[in-house]
Amino acid sequence: MDNNVYYRKIPKVDKVLRDPGIQGFLEIYGRELVVEAVHDELDSLRSLALEGKGEKMDKVLSCLGDNIRDRLEQKKKYSLKPVLNATGILLHTNLGRAPLGQRQTDAMAAAARGYCNLEYDLEKGTRGKRAVHYAEEIKKVTGAQAAVAVNNNAAAVTLMLTALAKGKEVVVSRGEMIEIGGHFRIPEVMEQSGAVLRETGCTNRTRISDYENAINENTGALLKVHTSNYRIVGFTEEVSVEELAQLGKKYGMPVLVDMGSGILTDLEEYGLPHEFSVQEILKKGADVVSFSGDKILGGPQAGILAGREEYIRKMEVHPLMRALRLDKCLTAALAATFREYRDKKQAEKNIPVLQMLSRSRQELKRQAEEIAAALKAAGASGEIRVEESAAMMGGGALPGEKIPSFAVTVVPGRESCESLAERLRRLPVPVIVYIRENRIFADMRTVMPEDKEMLLNGLKQCLTQQKEEI
Ligand SMILES: *Cc1c(COP(=O)(O)O)cnc(C)c1O
């Protein structure tokens, strides 16, 4: 069949670009994007011409301008965008770990826009130190003599070992030879830092005598590492920070603790097992502790080093510090986070991670019931239920610890769970769920009250429309 009659319907690129409506787009989206969108639209017309779908072509041609605008709107969207986390994993590493609250992001935005006194002493009118903005807040909350922060905890541990123990041996228990995701392994971090790993004890049991026997004239520090993402159970023994601190004092060397998560509150209040807080570890005699800003602490991505003044100073003046320091946005967000912790009630109200932990099961159940009822009322397809579920801390913190929660579950009517999950991911604000036992779970623990409506709308949209024909 001769398709030329169809191809002749397709306008030339230049002609489309000269259209006054399209000209208006140039101002908003820029020439490159507009030209690309016009090409894409004409390509889709070409496919229709090839198939001889003349009627469909006429329809497309009648709303060419609108189609091009839709394409431009799609094109201008950033690849990084907000998603709804309905996985019940609070610190989901793939979803950006700790979400920040209004006060934290306000502080960040204020610092980002325009100029700020990042390194300027307003009293003296001379150069100041960027660490002052957060260090005072950290000292007040943790009771540390001094504090400094870098880009993440991996950087903090590297800086700590480099600045305090380069060329010296650092004693670590074989039970704490951890690998965190993303290539953070204690032996390799040690090698990078220029310190020499001196393993001691056994995987399941390490005694204080093991540490003492490992010490020689070349030892630079004793390091304790929190086994954040695994647990050794059964016939086990580990050395407390107090005991290590005594040993460190006896031999005149610093005791360093990589805590992983920075915990500043009593987790038992949220029904979780006790974990030593930063304050407690420092009180027990650790010389320097390091921890993440965006794990249970609920702040921005950062690695915080807190402890004895003499050691913190050594790290502050180390050349690596220049490569690892926080930018103005993180500096502001970190200070704002610690400010909230000065008052426990404020922290629970304004730090999302703590907010999520402190929500009651009843509250979560009610939220799930409201969503389920609204879905049913809207005529959603599939089997919709409210079920008990188990949320998790995630981010390599509190491994295996289940946090009681409730979920809206859906057994899809005409499609597989994978297909429904995929359609949920394709929403303008993607909804991330998990699949278990042939149904979809949307866990309420990570869906804040202000996100409820958006989750409902997303589910509604996917469950009230048939799976699109391909
Ligand atoms: C998470 C963790 C790290 C790495 O921290 P990041 O902030 O992710 O760089 C290092 N050590 C321990 C013990 C951890 O739990």
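**Pockets between domains, and a helix pair**

Student: Why is the largest pocket in this predicted model said to lie between domain 2 (84-91 + 357-469) and domain 3 (102-350)?

Tutor: Domain 2 (84-91 + 357-469) and domain 3 (102-350) both give residues to the lining of the largest pocket, so the pocket lies between them. About 1,200 Å³ of space lies in this pocket, and among its 47 lining residues the closest to the centre are Leu95, Gly96, Arg97, Ala98 and Pro99.

Student: Which elements give two or more residues to the lining of the largest pocket?

Tutor: They are strand E1 (84-85), helix H7 (102-112), helix H9 (153-165), strand E10 (255-261) and helix H18 (352-358). By residue class, the lining of the largest pocket divides into 19 nonpolar, 21 polar and seven charged residues.

Student: Which element gives the most to the lining of the second largest pocket?

Tutor: Strand E9 (219-225), helix H12 (241-251) and E10 each give two or more residues to this lining, and E10 gives the most, with four residues. The lining of the second largest pocket divides into 16 nonpolar, 13 polar and 11 charged residues.

Student: How do you know that helix H19 and helix H21 are in contact?

Tutor: Contact means heavy atoms within 4.5 Å, and on that cut-off Gln367, Glu370, Ile371, Ala374 and Leu375 in H19 meet Lys452, Leu455, Leu456, Leu459, Lys460 and Leu463 in H21. The residues of this contact divide into seven nonpolar, one polar and three charged; Leu and Ile, for instance, count as nonpolar, and Glu and Lys as charged.

Student: How do the axes of H19 and H21 cross, and which hand does the crossing have?

Tutor: The axes of helix H19 (residues 361-377) and helix H21 (residues 452-464) come within 10 Å and cross at roughly 35°, and the crossing is right-handed.

Student: Which domains does the assignment give for the protein chain?

Tutor: The domain assignment gives domain 1 (3-75), domain 2 (84-91 + 357-469) and domain 3 (102-350). The centres of domain 1 and domain 2, taken over C-alpha atoms, are separated by 39 Å.

Definitions and conventions:
Residues are numbered from 1 along each chain as its sequence is written. This is a predicted model: local features need pLDDT of at least 70, side-chain atom pairs count only at pLDDT 80 or more; totals for chains, interfaces and linings use all residues. Side-chain values use heavy atoms; hydrogens and water are left out. Axes are lines fitted to C-alpha atoms, for helices over the stretch in contact, and angles run from 0 to 180 degrees between N-to-C directions. A crossing is left-handed if the near helix is turned anticlockwise from the far one by less than a right angle, and right-handed if clockwise. Domain bounds come from an automatic or database domain assignment. On a 1 Å grid over the protein atoms alone, a cavity is a set of points where a 1.4 Å probe fits but cannot get out, and a pocket is an open set with protein on both sides within 12 Å along at least five of seven lines; lining residues have an atom within 4 Å of a point. Grid points are joined across faces, edges and corners, and a volume is the space filled by probe spheres set on the points.
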